[in-house]
Amino acid sequence: MIMNRMNKGLLYLVLLIASCLILFPLLYTLSSSFMTNGESATYPPRMLPSHLNWDNYMSVIQTIPVLRFIGNSFIVSTLIMLGQIVTASTAAYAFAFLRFPGKTFLFALFLATMMIPWEVIMIPNYLTIKNWNLLDSYTGLIIPFVASAFGTFLLRQSFLQLPGELFEAARIDGCGHVRIFLSLVLPLSTPAIATLGVYSFLNHWNMYLWPLLITNKEEMRTVQIGISMLQFEEMTSWNLVLAGVVTVMIPSLLLLVLGLKPLVRGITAGALKG
Amino acid sequence: MEKDLIIQPALKRTTLLPAFSTRSMRTNRWLERILAFVFLAPSLLLFSIFLFYPLIKSVYLSMNLTDPRGRVVQYVGLRNFTDLLTSELFYKSITVTLSFILLTVPTGIILSLILAWLAHTRLRGVQLFRFVFSLPMAISVGTGSIIWMVLYHPTLGTLNYFLSLLHIAPINWLSDPNWALLSIALMTVWMNLGFQFIVLLSGMQGVSEDIYDSAQIDGAGPLRTFFNLTIPLITPSIFFVTVVSMIGAFQAFGQINILTKGGPMNSTNVMVFNIYQDAFVNYRFGTGSAQALLLFFIVLILTLIQFKVLEKKVHYQ
C-alpha cells in the first residue's frame, strides 16, 4: 500500500542505504579478514583486499584453539537446547493436559521465574557451582540453563492449540498420557519445538557473562570468551582478529538463515500476546 | 497468527473421557497426578537450585560480609545498602545506566520501526532486505564488540577515516569520557536492531490488509496511514519490544567489559559492570548482592510503571 503512493525506486534506494549502513561493519570485517598484515595497517584504510588471502584463517587456528572453542560452544549450546526441549515439553504437557492440585499456582510460579534478572542470582549460582567443584566443566556451563520457563510457556501455548478431537480419539483407543505425549503431541508440535530450539541455541551460543565467570582454563572456554583472547594477543593485526570473528560468526549466521521463519512465528505466538 | 492466550486448560477435554468404573477413575486420577509430578520434577528441581535458592541467598549475602571464597564472615545488617546509598560511585552508575537506556531504547525502537515499515511491502526482493535487517540478531556481544573496537580505533579505524573525508577532526570514541557512552550506545543500537526489527515486522504482518485497503479508499497518504493506523495497531508489539529492550539495556555487560571496562573516568560504569567488579574482581560478594537487589527493584518498579502507564495505551485486538 505504501508502494502505490511512493516512488518504487525511492523505496529501493532507502532500503539499500539502510542495508549498507547495517551491513557495513560485517562486510568490513569479512573484507579485512582476507587482507595481508600490510594491507590492514595502511592509512587511509583499504576497503577491499587485493586478493583472497586465507593465511589469517590458518594463523587463527594456530594461535588460539578456535576449533576447540567452537566445539565447546557447540556442545554446551546443543545440550542446553536438548535439555530445555525435554524439560519444557514435559512441563508444558503437564500444564496443558494433566489434572493435579496446585496447577494454577505452579504455572504462575513458572511465569514469575521469567522476571528474575540474571544478575541477582549470578553470585549465588557462581558460589554453588564453585562449591560443587564444577568450575571449568561442561556440567557447570550447562546445568543452570537446562530448565526454561519461557520454553514451557511457549510450548504450552502451542500444545493447547492442537485439535482436541485427536486426543479424545486417542483416549478411546486406550492410549495413556505417555503415549499421547510421545506419539501425538510431540510430533504435531515440531514447529514450536523448532522455535524453542533455534532461540535457545542462539541465545546460549552467544552467552558471555556466565562462561566468563566460571571458566579459567583455556580448553574450557566458549567461543565468545575465546574470541576476546585474540583481542589481547593479536591486537596489532586486525586482519587476524577479524578472521577469528568471522569463523565464530558462521555457525550463528547459518542458524539464522535456517531458523528465521520459525523464530518470527514463534516470537509472535509466544511472547506478543503474553 | 495465534491471537489469544488460551487460559482455560484441558478441563473440557478430560471431562469428556468415557467414564469407566469409579475405582479405575480414582487410580487414573492418582496416576495422572504422579505423571504430572514426574513431568514437572526436572524443571522444578532446577528452578529451585538455580533460581529460588539463589534469590534467597542473594538477600542473605547482601546483609553480610564475605571472604574471597564467598563464605560469610560477618553479619552487617543493612550496612551494605546504606554504604551503597551514600556512595557517589553508586549514584554515578545509576546515572550512567539510565542515560544508556535513554540513548539505546528509544533510538533502537524508532529505527527498527522505520525499517519494519519500509520492509513491510510487497516489493520484489524485499525478503532479502528483511534478512539483512535481522542479521545483527545473529551477532553475539563478544564478536560485535570486537568488530566495533576495530571500527572505533582512534588512528586507524574506518569511522575516523570517514570523518576525515568530511574534514571533521578524529574522535577518541572509546577513550574520551564525553564520547565513550555514546559509542557504546551506538554499537548496542546496531546489535539490538535485528531482534527489534523482527518483532515489529511480525506485528505489522499480523494486521489485516483490509484495514489498509479501506484507509486507502478513504484517501489517507502513507505517512498518515503509518501514524494513525499502523502504529496504533501494533502497539502490543511496540510495548513488548520496549519492555524487553529496557530490561536488556539494564543487563548490558559484554560490550562494556570488552570495549571500555567501565572507563574512562567511570563514564561507562553501568550497574551490572559495577556489580561484576565488586563481586568477581574485588570479591565483595556482599555489596555485589546488595547492588544486584537494588538493581532488581529498579527494574521491577520501572517495568511495573510501564505496565500501568503504557499498557492502557496498548490496543489489543
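I began with Ser137(A), which I found in the loop between α7 and α8 of chain A, where helices (H or I, at least four residues) and strands (E, at least two) are DSSP runs numbered from the N terminus. The model is predicted, so local features need pLDDT of at least 70 and side-chain atom pairs count only at pLDDT 80 or more, while totals for chains, interfaces and linings use all residues. Residues are numbered from 1 along each chain as its sequence is written, chains are lettered from A and ligands numbered from 1 in the order in which they are written, and side-chain values use heavy atoms, with hydrogens and water left out.

**The loop in chain A**

I looked up the cover of Ser137(A) and noted that Ser137(A) counts as buried because its relative accessibility is 16%; buried means under 20% relative accessible area, exposed over 50%, and partly exposed in between, with a 1.4 Å probe and protein chains only. The side chain of Ser137(A) reaches the backbone oxygen of Leu134(A) at 2.7 Å, and I count this as a polar contact, that is, a pair of N or O atoms within 3.5 Å, where within protein one must be able to donate a hydrogen and the other to accept it, and residues adjacent in sequence count only if both atoms are side-chain atoms.

Asp136(A) is in the loop between α7 (118–131) and α8 (138–142) of chain A, and I noted that Asp136(A) has a positive phi of about 60° although it is not a glycine. With 17% relative accessibility, Asp136(A) also counts as buried.

**A positive phi in chain B**

I then turned to Asn266(B), whose phi is near 60°, a positive value in a residue other than glycine. Asn266(B) lies in the loop between α12 (254–259) and α13 (271–281) of chain B, and its relative accessibility of 32% is why I list Asn266(B) as partly exposed.

In helix α13 of chain B I looked up Asn274(B), which is buried with a relative accessible area of 7%. Not counting residues up to four places away in sequence, Asn274(B) touches Leu89(B), Ser93(B), Asn269(B) and Gln291(B), contact meaning heavy atoms within 4.5 Å. I also noted that Asn274(B) and Ala292(B), 18 residues apart in sequence, are 9.6 Å apart in space, C-alpha to C-alpha.

**Residues of chain B that touch chain A**

Which residues does Ser43(B) contact, leaving aside its neighbours within four places in sequence? I found Thr87(A), Ala91(A), Phe110(A) and Ala147(A) in contact with Ser43(B), and the backbone oxygen of Thr87(A) lies 3.5 Å from a polar atom of the Ser43(B) side chain. Ser43(B) is in helix α2 (residues 22–62) of chain B and is buried, at 0% relative accessibility.

Thr158(B) lies in helix α7 (residues 158–165) of chain B, and at 0% relative accessibility I list Thr158(B) as buried. Leaving aside neighbours within four places in sequence, Thr158(B) is in contact with Phe24(A), Tyr28(A), Pro45(A), Met47(A) and Leu151(B). The C-alpha atoms of Thr158(B) and Met204(B), 46 residues apart along the chain, are separated by 36 Å.

**Spans from the UniProt record**

For chain A, the unreviewed UniProt entry lists several residue ranges as "transmembrane region", including 74–98 and 138–159; the positions are given in the numbering used here, feature names are shortened, and annotations may be inferred rather than shown by experiment. I looked at residues 74–98 of chain A, which are 96% helix and 0% strand with end C-alpha atoms 35 Å apart, and at residues 138–159 of chain A, which are 73% helix and 0% strand with end C-alpha atoms 32 Å apart.

For chain B, the unreviewed UniProt entry gives "transmembrane region" ranges that include 94–119 and 131–151. Residues 94–119 of chain B are 100% helix and 0% strand, with end C-alpha atoms 37 Å apart, while residues 131–151 of chain B are 71% helix and 0% strand, with end C-alpha atoms 23 Å apart.

**One more residue in chain A**

Last, I looked up Met58(A), which lies in helix α4 (residues 55–63) of chain A and counts as partly exposed at 48% relative accessibility. Met58(A) and Leu141(A) are 83 residues apart in sequence and 29 Å apart in space, C-alpha to C-alpha.
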